[in-house]
Every structure is written in structure tokens, then in C-alpha cells.
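Here's a quick walk through the fold, strand by strand and helix by helix. Have the viewer open as you read.

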Amino acid sequence: MADQFILEFAKLIADKPEEISVSREDVDEGFSEIIVRADKVDTGKLIGKDGKMISSLKSIISGCKAKEGRAYRVTIKSNDEQ
């Protein structure tokens with residue numbers, strides 16, 4: 001649910017929405033990492049000025065923690081990073 005929300009949100013603010021991809025890796029029973037891959041230009045938009053955009057996104061995702069009982073870490077990566 002959280003990863004689908006992030007995908008739709010990222011596509012709305014990106015200049016190249018077709019290059020956005022989101023993957024979720026379950027680290028352990030109660031913790032997952034959501035990795036957002038985007039074009040290099042869009043990574044700055046997703047992080048935002050002074051990190052405000054990603055911080056807001058993390059606040060919204062913390063609401064999913066209450067519902068699903070799972071903690072999330074959100075990471076933004078450029079498509080040309082490994």
C-alpha cells in the first residue's frame with residue numbers, strides 16, 4: 001500500500017513520470033525499505049528544497065506504520081546509480 005502511494009505521488013511531481021519505479025525490500029518482520037528510482041533531474045524534485053518533500057512523504061508513510069504495523073524507510077536513487 002505505501003509503495004503504491006509513493007509511486008503515484010512521485011509520478012505526479014516528476015518531469016519524466018515514465019522513468020519512475022518503486023521497489024520494496026522487506027528487511028525483517030516489521031521493517032521495509034522503499035526504494036524510488038527516478039531520472040537524475042527528478043531526484044532533486046523528490047527530495048525537495050532542504051529535504052522538505054521527502055520529509056513530508058516520510059510523515060505520510062508513518063501513518064501506514066500505524067495501520068499495517070510495519071516501519072518504512074524511503075530512499076531516493078537516480079536511475080544511473082546501482
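This is a predicted model: local features need pLDDT of at least 70, side-chain atom pairs count only at pLDDT 80 or more; totals for chains, interfaces and linings use all residues.

## The sheet

A hairpin of two residues makes the link from E1 to E2. Two of the facing pairs are Ser 23 opposite Ile 35 in E2 and Glu 25 opposite Glu 33 in E2.

Put together, that's an open, three-stranded sheet with mixed pairing, in the order E1-E2-E3. From one strand to the next, the twist averages 20°. H2 packs on this sheet, where it touches E2 and E3, and its direction makes about 145° with that of E3.

How enclosed is E2 by the rest of the structure? Largely so, because six of its eight residues are buried.

## Where H2 meets H3

Two packed helices are described by the angle between their axes and the distance between the axes. For H2 (residues 40–47) and H3 (residues 52–68), the axes come within 5 Å and cross at roughly 65°. On the H2 side the contact involves Lys 45, Leu 46 and Ile 47, and these meet Lys 52, Met 53 and Ile 54 in H3. By type, the residues of this contact split into four nonpolar and two charged, with no polar ones.

The loop between H2 and H3 holds Asp 50, and this residue is worth a look. Most residues other than glycine have a negative phi. Asp 50, though, has a positive phi, near 60°. Is Asp 50 buried or exposed? Its relative accessibility is 69%, so Asp 50 counts as exposed.

H3 is 17 residues in length and spans 25 Å from its first C-alpha to its last, close to the 24 Å expected at 1.5 Å a residue. Its buried residues are Ile 54, Leu 57, Ile 61 and Cys 64. Why do they fall on the same side of H3? Because the arc they cover around the axis is only 60°.

What covers these buried residues includes helix H1 (2–13), H2 and strand E3 (71–78). Turn to the other side of H3 and you find Lys 52 and Ala 66 exposed. Lys 52 is also one of the H3 residues in the contact with H2. Just after H3 comes Gly 69, with a positive phi of about 70°.

## After E3

Finally, the segment after E3, which is where Asn 79 lies. With a relative accessible area of 35%, Asn 79 is partly exposed. Which residues does Asn 79 touch, not counting those up to four places away in sequence? Glu 19, Arg 37, Ala 38 and Asp 39.

One spacing to check in the viewer: Asn 79 and Ile 34 are 45 residues apart in sequence, while their C-alpha atoms are 15 Å apart in space.

Technical notes
Residues are numbered from 1 along each chain as its sequence is written. Side-chain values use heavy atoms; hydrogens and water are left out. Axes are lines fitted to C-alpha atoms, for helices over the stretch in contact, and angles run from 0 to 180 degrees between N-to-C directions. Helices (H or I, at least four residues) and strands (E, at least two) are DSSP runs, numbered from the N terminus. Contact means heavy atoms within 4.5 Å. Ala, Val, Leu, Ile, Met, Phe, Trp, Tyr, Cys and Pro count as nonpolar, Asp, Glu, Lys and Arg as charged, and the others, Gly among them, as polar. Buried means under 20% relative accessible area, exposed over 50%, partly exposed in between (1.4 Å probe, protein chains only). The expected span of a helix is 1.5 Å times one less than its number of residues. The arc is that of the directions from the helix axis to the C-beta atoms. Two strands pair if DSSP finds at least two bridges between them.
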